[in-house]
Amino acid sequence: MILSILIAALLLAGAALPDSPRAFQAAVFAAMLAALWGAGSRLAGWLVPEWNALSRAVAAFTFAVAVAVVPATWMGHFGVMRPGMFLAWTAAAYLLAQLLPARTAETTAMAGNGESPGTFDRIEAALLMAVAAALSLLGLADMFRLRLAPAGPYGFDDISYHLSAVATWIQHGDLRMMRFSVGDASTPFYPVLGEVASWVLIAPFGDSDVAARWTQLPFALFS
């Protein structure tokens with residue numbers, strides 16, 4: 001309970017002090033991630049307590065993303081997409097999630113009730129680990145190959161609506177979009193989940209260019 005209050009207090013302090021030192025903003029960032037995960041985990045445990053640990057983790061991550069991007073999208077539609085309001089919402093959502101009663105699984109988990117995992121479970125786990133390792137290696141290789149590349153290695157689609165969109169939202173507080181002469185110029189409006197998630201990660205830092213660069217790492221991993 002004390003930890004929950006501390007997390008919520010950090011978020012509310014971050015909302016009230018937008019020009020705080022970077023070290024404090026980093027603490028707010030950690031509190032925001034903890035609050036989103038805590039809310040997602042509580043929702044997953046409440047809604048699907050009978051699922052096994054891996055399935056509940058996926059559900060918790062899905063709920064955590066939803067708790068962040070759905071309200072942020074609505075804030076953008078109403079022109080109040082500001083970090084302070086978002087951090088206050090995150091604190092409220094986290095505290096409300098903690099009020100959900102704990103539930104005990106009434107049915108056996110998918111992996112069985114204490115029995116050793118079957119052949120299918122072992123194959124599934126092996127495939128998941130293989131895919132995770134492959135994606136990690138490919139991602140690292142791509143990052144190393146493109147680390148010094150100029151903008152536009154993907155036909156400018158990589159920069160035509162990601163950071164540009166997030167920067168526009170930070171400046172104006174809504175989901176307006178820019179038109180581009182390169183890359184994806186098909187529509188002036190893209191409330192894409194990935195871009196909203198990027199805005200969420202940058203929110204505790206305001207308009208910091210350093211944060212915009214470093215938050216791309218968790219953005220890439222979470223995406």
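Reader: How much space lies in the second largest pocket?
Author: The structure above is a predicted model, and the figure is computed from its atoms. For the second largest pocket, the space comes to about 330 Å³.

Reader: Which residues that line this second largest pocket are the closest to its centre?
Author: The lining of the second largest pocket is made up of 15 residues. Among those 15, the ones closest to the centre of the pocket are Leu33, Phe61, Val65, Leu201 and Phe222.

Reader: Which helix gives the most to the lining of the second largest pocket?
Author: At least two lining residues come from each of helix 2 (22-47), helix 3 (53-77), helix 8 (193-202) and helix 10. With 5 residues in the lining, the helix that gives the most is helix 3.

Reader: How many nonpolar, polar and charged residues does the lining of the second largest pocket have?
Author: Sorted by class, the lining has no charged residues and 1 polar residue. The nonpolar residues in this lining number 14.

Reader: Where is Thr215 found, and is Thr215 buried or exposed?
Author: Thr215 sits in the loop that lies between helix 9 (209-214) and helix 10 (216-222). Its relative accessible area is 4%, and a residue under 20% counts as buried. Thr215 is therefore buried.

Reader: Which residues is Thr215 in contact with, leaving aside its neighbours within four places in sequence?
Author: Thr215 and Trp199 are 16 residues apart in sequence, and their C-alpha atoms are 9.5 Å apart in space. With neighbours within four places in sequence left aside, the residues in contact with Thr215 are Phe29, Leu201, Ile202 and Phe205.

Reader: How many aromatic pairs does a search of the whole structure find, and why is the pair of Phe29 and Phe205 tilted?
Author: The search of the whole structure finds 3 aromatic pairs. In the pair of Phe29 and Phe205, the ring centres are 5.5 Å apart and the planes stand at 40°. Planes under 30 degrees apart would count as stacked and those over 60 as edge-to-face, so the pair of Phe29 and Phe205 is tilted.

Reader: How many residues apart are Phe29 and Phe205?
Author: This pair links distant parts of the chain, since Phe29 belongs to helix 2 and Phe205 to the loop between helix 8 and helix 9. Phe29 counts as buried at 15% relative accessibility, and Phe205 counts as buried at 12%.

Notes:
Residues are numbered from 1 along each chain as its sequence is written. This is a predicted model: local features need pLDDT of at least 70, side-chain atom pairs count only at pLDDT 80 or more; totals for chains, interfaces and linings use all residues. Side-chain values use heavy atoms; hydrogens and water are left out. Helices (H or I, at least four residues) and strands (E, at least two) are DSSP runs, numbered from the N terminus. Buried means under 20% relative accessible area, exposed over 50%, partly exposed in between (1.4 Å probe, protein chains only). Contact means heavy atoms within 4.5 Å. On a 1 Å grid over the protein atoms alone, a cavity is a set of points where a 1.4 Å probe fits but cannot get out, and a pocket is an open set with protein on both sides within 12 Å along at least five of seven lines; lining residues have an atom within 4 Å of a point. Grid points are joined across faces, edges and corners, and a volume is the space filled by probe spheres set on the points. Ala, Val, Leu, Ile, Met, Phe, Trp, Tyr, Cys and Pro count as nonpolar, Asp, Glu, Lys and Arg as charged, and the others, Gly among them, as polar. Rings of Phe, Tyr and Trp (its six-membered ring) pair if their centres lie within 6.5 Å; planes under 30 degrees apart count as stacked, over 60 as edge-to-face and the rest as tilted.
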